[in-house]
Amino acid sequence: MENDKYFVIDFDSTFTKVEALDVLAEISLQHHPEQPQRIQKVKEITDAGMDGSLSVKESLEQRLSLLEAKKEHIDALVERLKNEVSESFKRNRDFIQAWNKQIYIVSNGFRDFIEPVVAPYGIRPDHIFANSFIYDKEGNITGFDLENALAGNNGKVAQLKKLELEGDVYVIGDGYTDYEIKAAGLANRFYAFTENVERNSIVDKADHITPSLDEVLFLNKLSRAYSYPKHRIKVLLLESIHPLAEKLLRQEGYSLEVHPGGLDEHELCERIKGVSILGIRSKTQVTKKVLKHANKLIAVGAFCIGTNQIDLESCSSRGIAVFNAPFSNTRSVVELAIGEIIMLIRNLPDKSHKMHEGQWDKSARNSFEIRGKKLGIIGYGNIGSQLSVLSENLGMDVYYYDVVEKLALGNASKCSSLEELLKKADIISLHVDGRKENRNMIGSHEFALMKEGVIFLNLSRGHVVDIAALKAAIESGKVTGAGVDVFPEEPKTNDEPFMSELKGLPNTLLSPHIGGSTLEAQENIAQFVPGKIIDYINTGSTTNSVNFPNLQLPRLENAHRLIHIHHNTPGILAGINNVLAGHQININGQYLKTNEHIGYVITDIDKQYSQDVIRDLKSIKNTIKFRVLY
Ligand code: NAI
């Protein structure tokens, strides 16, 4: 029953982000010698008026006398205010226009600047109630119309009484005078609007705290810019994720809960309830049991590279998309590899060790430049290919081998077999992924094929090298320098001891899996993962998702986007299209992608549709999750 509802909206700090008289102070006092002090005073009086500790009349009079404003300042103010309309009002312009018969602006501010700011939103002049300035012949503001109800205390109440609205009245505002309407029994609900300012004394009195206009529209089931108000999306961030991630997610309007440590399964089962986005690093185990308790989870962000800690299959079967940061630390690994190559080819680990023991061993024996040496890269993925470019810039001849056809960058040469690369290279660096088949891919047979005196690096995964064979190759002098960052068995925490056959070997650099561990990489991860999640929530794009079919989608323009996630069984697309045809709905665009577990269908449709369509789409067999974006 739409006709029954009236919305009474405040102007300052509600319709606009700012208090107009504060802005006017900046304009009218621009060249005034006491400008900073007066601006401060104006703000203090504004606040005193807002929380009810100063009368409306006094607050207006005191501020106007400080302002010394003129007609031309008001014109400049209007231009400023037009750019300061609250974001949720801007994006819900369609609603405001469509409902202009039932929307009133009631303000203790001044019509002189309110009307030109709200008019483009379709608000009718006869629905604006506010004070008016009095000007002298020169255009100086000399006062305001004291006869106006809104110039006095309880003015909004008096104004609402005069209006005699018949129906439900909802007041949206940030100040005490807005609450007064409800207190006087003239409104059904007072929504404390906190998008711009949050005043505790007002929030305490509210029927509902509303961080945006979307929330009011959502609660009243009215058409709105966002299908789901963003502050209702709860994010739980664990394990001290870099603060940039928190900032980006807050900026998007989500509600955040941040917990510096990890949580065990039991604690996470409790904390995950109601959470829409979970952010973790490598320690938190997202198990089947945890996912069972995750009644609202849409996405998991792994703020790291690996996703072994997440039960990806259960996530898929529950329609939860998982994102990680596969490239964010690649540069760090490449830099470490280059540093190690230079150190090893100069025997630096041994030389440094000797120095610490008091031994001065100055000689050029077995020390070389890297310029002109043949670097063999095994695995030409994100890291391998970047190492290729940087090491070529340092003057190395790059050879690479990959199981997949990869484009050679720069002057790098492709080897057609692993054997060819092993025989050719002076320095070998491993950058393959950790798939099962790669276990011990470099063993005694492979070391035997390498050149005498080769330098060997593994910064990829521990299990890809047979450690006993590497040890033998170092001891025999086949390998004259080794850099190892990853091990088949690694301590789980810094408190556990490190055990390895490689300890104590000559010219061997051992590092505790820190190839990708730099602050820059942490920051890159914190930038990358929220970007992917926000894009998924806003557009449905699944680019780089670990478990969802990857779909890059265009922006949504003037349409509704239906997002349908289902078990990958035949006939779902036909089912969706049958439902849409049955409701005579026009499809503007449709995208489908599947993987072995799930199917992902995006359908953009014309704006008008009935709730029955949604019900029918949700009831298609094998549907896992369904959401509508607009
Ligand atoms: P990627 O997946 O982009 O590249 C791996 C490449 O290796 C792919 O091109 C693949 O086709 C190739 N490959 C796989 N098996 C092969 C084989 N048997 N022979 C030849 N080529 C093979 O991975 P990305 O991002 O370049 O990472 C490489 C490795 O580095 C991964 O194992 C990753 O876990 C590890 N890593 C280690 C870090 C550290 O802190 N030390 C940090 C980041 C990654």
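Helices (H or I, at least four residues) and strands (E, at least two) are DSSP runs, numbered from the N terminus. This is a predicted model, in which local features need pLDDT of at least 70 and side-chain atom pairs count only at pLDDT 80 or more, while totals for chains, interfaces and linings use all residues. Residues are numbered from 1 along each chain as its sequence is written, and side-chain values use heavy atoms, with hydrogens and water left out.

Start with the ligand. It has 27 residues around it, and Ile-383, Asp-402, Val-432, Asn-438 and Asp-485 come nearest. Being near takes a heavy atom within 4 Å. Polar contacts are pairs of N or O atoms within 3.5 Å. Asp-402 places a polar side-chain atom 2.6 Å from a ligand oxygen atom. Asn-438 has a polar side-chain atom 2.8 Å from a nitrogen atom of the ligand. In the side chain of Asp-485, an N or O atom is 2.8 Å from a ligand nitrogen atom. The protein covers 87% of the 870 Å² of accessible area that the ligand has on its own; such areas come from the Shrake-Rupley method with a 1.4 Å probe.

Seven strands form an open sheet in the order 16-15-14-17-18-19-20, with parallel pairing. Two strands pair if DSSP finds at least two bridges between them. Strand 16 (413-414) and strand 20 (508-510) are the edges, each pairing on one side only. Inside the order, five bridges join strand 18 (residues 454-458) to the parallel strand 19 (residues 479-484). Leu-457 stands opposite Gly-483 of strand 19.

On a 1 Å grid over the protein atoms alone, a cavity is a set of points where a 1.4 Å probe fits but cannot get out; a pocket is an open set with protein on both sides within 12 Å along at least five of seven lines; lining residues have an atom within 4 Å of a point. Volume is the space filled by probe spheres set on the points, which are joined across faces, edges and corners.

The second largest pocket has a volume of about 1900 Å³. Of its 48 lining residues, Tyr-226, Ser-227, Val-628, Leu-629 and Tyr-630 are the closest to its centre. Strand 24 gives the most to this lining, six residues.

One cavity of 30 Å³ or more is counted. The largest cavity holds about 250 Å³ of space. Among its 21 lining residues, Glu-19, Met-50, Arg-63, Asn-108 and Gly-109 are the closest to its centre. Helix 4 supplies the largest share of the lining of the largest cavity, four residues.

Methods:
Polar contact = N/O pair within 3.5 Å; in protein donor to acceptor, adjacent residues only side chain to side chain.
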